[in-house]
Structure formats: C-alpha cells, structure tokens
Amino acid sequence: MSSIPLTTFPTQVATFEALLAPELDMLYRIAYRFTANAADAEDLLQDLLVKLYPKTDELATVETLRPWLIRALRNQYVDSVRKHRRSPSGWLRSVTGSDDEVLAELRSGDPTPEEAALKDDLQGRLQQALAGLNAEHRVVVTLHDVEGYRLTEIQSMLGVPVGTLKSRLHRARAQLRAALEMEPLMQRRRV
Amino acid sequence: MHCEQVQPLIEALLDDELDPATASNVHAHCAACPSCQTQRRDEQMLRQALRTLPAPVPSEAFRQRAFVRAAQLARRRQRWTAWAGTAVAASLALGVALGVQWRPSESMAVPPTVAISVDSLQPVRLSFTAERSLQGATLTLVLPDRIELAGFPGQQSLSWQADLKQGANLLELPVVAHADAQGGELIARIRHNGAERQVSVRLQVVAAALVPSTLNL
C-alpha cells in the first residue's frame, strides 16, 4: 500500500472532492435504492468514499467516471450484504442523541409516523417490495427500471452479460408484481 | 400472433427491445386481446411507479463532512495497517476503557424482565454505551432453553464480531419463543481486547395478548 504524505492532505482532499462532489447525489440516490433507508445509504456511501480516497490519482484518469463509480458502489453494496449474511451484525446499530432518545428507541417497537404513512401509498409499498429483492435483483431493477440505464450500459458497468441481466430483471419484476398484487391499491385499480 | 407468443414479449416491448415489425404485431394483438392488454398495462404501471420513485438526496450534514471524513478514515486505516504489528500493547489500555451499561436500570443486581409471547417474532432491545469506538469486539448471546433468534434455529448461543461506535449502540434481537419455552435469562457479553462486560435480561414467556408491543416482521 502506498503511503499518503502529510503535506499532500489538503490538496488531495480538495482533488478528491472536486472529482466526486458532482456525483454525490447520484451515488447517494442509488445507495438509497440499494439499502432502502437513509442511514444505511450514508454508511454505504461513506464506506465507498473511504475505499476510493487512496485511489484519488486513479480516479482522475478515469475517462467516464459515472459508470466506474456505479460499479464500485454495486461491489461495495454486494460485499456489505455478504458480510451481513455471515453474521447477525445487522442487529446492532449506533444510536445518536440524548439518553432520553436512546431510551425511547429501547421502548418503541412500533413504526414511526413516517413509516406508517409510507405503508399507505403505492410508492411506500413499492419501496418495501424492492427491499424484499435479493441484492443482485435490486441492483438491476434500480439501474434499469429506476435510473433508466439500458441493459447494454449496465453490462458495461457491471461486467454481467445482458442475458443474465434480462433474466434477473424478469424475476425481479415478477417478484415486485406478486408483492404489489397483494396490496389494496392493485385491488382498487381493478374496480 | 397468439397470447402464448405475445405475453413473453411484453417486457421486451416495453423495454424497447423488439424490432419494429414484431413490436407492431404485439401492439396489434394487445389492442384486440383484453388479457394481454391488461398484462401490458400492469407492466407499464410497474415501470411508471419505479421510474417516478422519489429521488432522495443526502443530508446537508453528510454532504459537508463526507469527503473530509473519508480522507480521515482512509488515513487512519492506513496508519492502523502500518502499526498493526505494535498495536497489541496499546490495545490493552484500550480494553480498560470499554464501558458497557445496561441502560434502563443502570443496576446490574436485578436483571430487568421483558415479556415475550410464544411463536411470534418480536424484538428484545439492549443498549450498550461504549466510551470509545471498539473495532472487532466479540458479542456473545446465551439464550434460555427453547428460545431462539430468528435465522439461527436450535442455537442456544451465538457469537460474532462487531464494531461498536462511541456512545449508545442498540442491539435489537429478533427473539422467538417456542410453545414449550419456560423463559429464563438472556445473557449478552461483549469482549474486546481481554476486557469483558455482561448484561442480562429475564425473558418471561406469556400469552400473546399480554405483550403490549411487538414488531411484525
């Protein structure tokens, strides 16, 4: 591993930020689709930035940064899911705030008002259905159906054959349809 | 074209992946076939809902700190790697700083009691307060007979590595009690660099209707 001289710290941070700041919203949005909540999206993106920082010089030479970054984010996400599967680490989370807020977290098992409201609309249910997909299915639905990338572009980004992507997309959509058909809105639509 | 030929092509049609002649034939069939028309409409609705999901943006606090924090953490990780060979002595001192408290009562003399119902998954929450962040702490849970954690059937004890952040860390355990469970003490231990803290909670198995708050997962 190459070392980072102390004197270059401010310069390197500025270069790093200049390269990635224009892509931060895009990366966060996709991270949010992958993880289905803001705290995990921030953690995923922060972990990615930590990994990318030592590669600042390499980033500066990448011709089209966006697909490169999306691939890195997807790899980071899939790695985090695999790590999570190997242990019950998802049971543990940090709680910020006063002692009262920590105690409130301990007491409350009910959904927050925001969570309750989410369940009442299609988008909320769709978010929940997306969260039920496995990692690879969620990746392809996010990139193709939500973000609007073509399968050939996703193939270039992820290095996954178009046939495999199509198959994942088909299965993922079938799962989403099955999840949504059980919901009241789909019943109302048929009236 | 027949329905059996058209239905597998509807996804490709909406993904704009059919040649013009085939697309035209699929459209013509759907116009005359209520079943295929419904399938095409369902597919379109799903795509529309996905395409119009709200686009969340990062918080201003995250936006402001993300890059500097990434640089600091990357440098710390690099230094940690470089000094890993000499870290053992320093970690002994760090172990002393491990502070774990049972939050609600602060008293370890009498474990608090939590009511759980049989055959339903429900959370039991413990909070640990760490005086500083603890990388690679070992968490161990020991469960009473016939009480399990979701995803780990038949295991009465479970250990894993975790990073505790400075401050409060909430451990939410998906507990399931079998019908013949008698209850008992759930013990949680945290070990880090030779130091160990333990908290326990008494699980009381009750009829479902008596449990005031459960999480439906």
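This is a predicted model: local features need pLDDT of at least 70, side-chain atom pairs count only at pLDDT 80 or more; totals for chains, interfaces and linings use all residues.
**Chain A overall**

Chain A contains 12 helices and 1 strand. Read from the N terminus, its elements follow the order α-α-α-α-α-β-α-α-α-α-α-α-α. The chain has 191 residues, of which 42% count as buried. Among contacts in chain A with a separation of 6 or more, 65% are between residues 24 or more positions apart.

The geometry of each pair is set out in the table.

| Helix pair | Angle between axes | Distance between axes |
|---|---|---|
| H9(A) (residues 135-146) and H10(A) (residues 151-158) | about 130° | 10 Å |
| H10(A) and H11(A) (residues 162-181) | about 115° | 9 Å |

With an angle of about 115° between their axes, H10(A) and H11(A) are roughly perpendicular. The crossing of H10(A) past H11(A) is right-handed. On the H10(A) side, the residues in contact are Leu151(A), Thr152(A), Ile154(A) and Gln155(A), and they meet Val162(A), Leu165(A), Lys166(A) and Leu169(A) of H11(A). By class, this contact of H10(A) with H11(A) comprises 5 nonpolar, 2 polar and 1 charged residues.

For the other pair, the angle is about 130°, and H9(A) and H10(A) are therefore oblique to each other. H9(A) and H10(A) also cross in the right-handed sense. From H9(A), the contact draws on Val139(A), Leu143(A) and His144(A), while H10(A) supplies Leu151(A), Ile154(A), Met157(A) and Leu158(A). The residues of this contact of H9(A) with H10(A) divide into 6 nonpolar and 1 polar, with no charged residues.

Leu151(A) and Ile154(A) take part in the contact with H9(A), and Leu151(A) and Ile154(A) also take part in the contact with H11(A).

**Leu143(A), a residue of H9(A)**

Leu143(A) belongs to helix H9 of chain A. Its relative accessibility is 0%, and Leu143(A) therefore counts as buried. Leaving aside residues up to four places away in sequence, Leu143(A) touches Ile30(A), Ile70(A), Gly148(A), Tyr149(A), Ile154(A), Met157(A) and Leu158(A). Of these neighbours, Ile154(A), Met157(A) and Leu158(A) are on the H10(A) side of the contact between H9(A) and H10(A). Leu143(A) and Ile70(A) are 73 residues apart along the chain, and their C-alpha atoms are separated by 9.1 Å.

**Glu23(A), a loop residue**

Glu23(A) is located in the loop that joins helix H1 (9-20) to helix H2 (24-35) of chain A. Its relative accessible area is 13%, so Glu23(A) is buried. Apart from residues up to four places away in sequence, Glu23(A) touches Arg66(A) and Leu69(A).

**The sheet of chain B**

In chain B, 5 strands form an open sheet with mixed pairing, and their order is S1-S8-S7-S3-S5. Strand S1 (113-117) and strand S5 (157-164) are the edge strands, each pairing on one side only. From one strand to the next, the twist averages 30°.

Terms used:
Residues are numbered from 1 along each chain as its sequence is written. Chains are lettered from A and ligands numbered from 1 in the order in which they are written. Side-chain values use heavy atoms; hydrogens and water are left out. Axes are lines fitted to C-alpha atoms, for helices over the stretch in contact, and angles run from 0 to 180 degrees between N-to-C directions. Helices (H or I, at least four residues) and strands (E, at least two) are DSSP runs, numbered from the N terminus. Angles under 35 degrees count as roughly parallel, over 145 as roughly antiparallel, 65 to 115 as roughly perpendicular and the rest as oblique. A crossing is left-handed if the near helix is turned anticlockwise from the far one by less than a right angle, and right-handed if clockwise. Contact means heavy atoms within 4.5 Å. Ala, Val, Leu, Ile, Met, Phe, Trp, Tyr, Cys and Pro count as nonpolar, Asp, Glu, Lys and Arg as charged, and the others, Gly among them, as polar. Two strands pair if DSSP finds at least two bridges between them. Buried means under 20% relative accessible area, exposed over 50%, partly exposed in between (1.4 Å probe, protein chains only).
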